[in-house]
Amino acid sequence: MNSVITYLRKEEWSPYIAGGLLGVVGVLAVALSNSLLGASGAFENLAGMIGKALAPDLFSNMYFNFIMPPGITWQVILLVGVFFGAMAAAMLAKTWKIRWLPEKQWDIVFGKNRWTRWIIAFFGAIVLEIGAGIAGGCTSGLAISGGMLLAPAAYLFIAGMFASGIVTALILYRGKY
Amino acid sequence: MINYILALLLGFAFGFLLNKAGLTRYHKIVNVFRFTDMAVLKFMMSGLVVSMIGLYGLQGIGLITFPTVPATYIVGNIVGGLIFGVGMAATGY
């Protein structure tokens with residue numbers, strides 16, 4: 001029992017153990033809720049809600065009416081859980097704190113300016129969410145959850161994601177660090 | 001209602017594991033694209049293996065039915081993935 005508690009307090013687990021347990025969580029999600037663990041969908045549900053309130057005509061299209069209906073969906077609640085789960089994990093390891101910049105590596109490549117981080121994070125996240133919207137999911141909702149159901153879509157997505165991710169990282173880092 | 005409580009608990013576990021695997025950190029996500037830290041792949045692939053066995057096993061003995069499988073539309077999936085990868089490598093999310 002003590003060793004379990006010590007392990008829970010550890011800052012970083014073996015990715016194989018964390019990944020294996022994620023697999024169990026993925027099975028439980030299907031078995032108990034008949035749902036898939038997705039993250040990007042929740043943002044579209046919320047964006048749809050805001051959009052319908054502000055500009056109902058603009059948001060009254062196929063996508064927001066049928067594919068991604070707005071509202072507090074299962075995925076939105078899941079995302080709330082993700083937030084607190086990650087927070088609890090960081091608190092157990094005593095690494096929880098508010099940071100303006102990522103702790104490592106960022107400074108060397110992009111400098112210490114907070115605005116650089118915020119602007120790249122903001123526009124990068126827009127690009128990321130558009131990509132997820134076109135593909136039908138993100139790393140968790142499509143690549144992992146689709147992959148475990150052996151959906152071809154998931155593996156096409158993983159191929160695309162790594163192809164462009166590797167090129168982007170090469171361009172951004174250009175031999176730095 | 002019970003479904004929402006389940007969502008909260010499952011999400012909690014999901015977030016907990018993501019953090020423990022280090023995937024809530026910028027350098028972990030970026031470094032998989034630079035081949036210097038493969039934690040993302042190790043995490044994803046071990047998750048895939050366990051859940052594939054679990055899901056197909058449970059389906060085989062008739063305990064569960066699969067939810068809607070993500071739709072395959074080849075060009076959309078690949079183009080979406082290509083755009084997604086740019087954002088992921090730039091932000092580290």
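## Buried residues in helix α3(A)

A residue is called buried when its relative accessible area is under 20% and exposed when that area is over 50%, with partly exposed in between (1.4 Å probe, protein chains only). By this rule the buried residues of α3(A) are A:Ser40, A:Gly41, A:Ala42, A:Glu44, A:Asn45, A:Gly48 and A:Gly51. They pack against α4 (62-67), α5 (74-92) and α7 of chain A, where contact means heavy atoms within 4.5 Å.

This is a predicted model, in which local features need pLDDT of at least 70 and side-chain atom pairs count only at pLDDT 80 or more, while totals for chains, interfaces and linings use all residues. Residues are numbered from 1 along each chain as its sequence is written, chains are lettered from A and ligands numbered from 1 in the order in which they are written, and side-chain values use heavy atoms, with hydrogens and water left out.

## Helix α7(A)

Helices are DSSP runs (H or I, at least four residues), numbered from the N terminus. Helix α7 of chain A covers residues 114-135, 22 residues in total, and spans 31 Å from its first C-alpha to its last, close to the expected 32 Å. The expected span is 1.5 Å times one less than the number of residues.

Buried in α7(A) are A:Arg117, A:Ala121, A:Gly124, A:Leu128, A:Gly131, A:Ala132 and A:Ala135. They lie on the same side of α7(A) because they cover an arc of only 100° around the axis; the arc is taken from the directions from the helix axis to the C-beta atoms. The face turned away from this buried side carries the exposed residues A:Trp115, A:Phe122 and A:Phe123. The cover over the buried residues includes α3, α6, α8 and α9 of chain A, together with α2 and α4 of chain B.

After α7(A) comes A:Gly136, whose phi is positive, near 100°.

## Where chains A and B meet

The contact takes 93 residues from chain A and 69 residues from chain B. About 7,100 Å² is buried between the chains, 74% of it from carbon and sulfur atoms; buried area is the accessible area (1.4 Å probe) that two parts lose on being put together, summed over both.

The rule finds two salt bridges across this interface, a salt bridge being a side-chain nitrogen of Lys or Arg within 4 Å of a carboxyl oxygen of Asp or Glu. A:Glu12 forms a salt bridge with B:Lys28, their closest N and O atoms being 2.7 Å apart.

How values were computed: Helix = DSSP H or I, 4+ residues; strand = E, 2+ residues; numbered from the N terminus.
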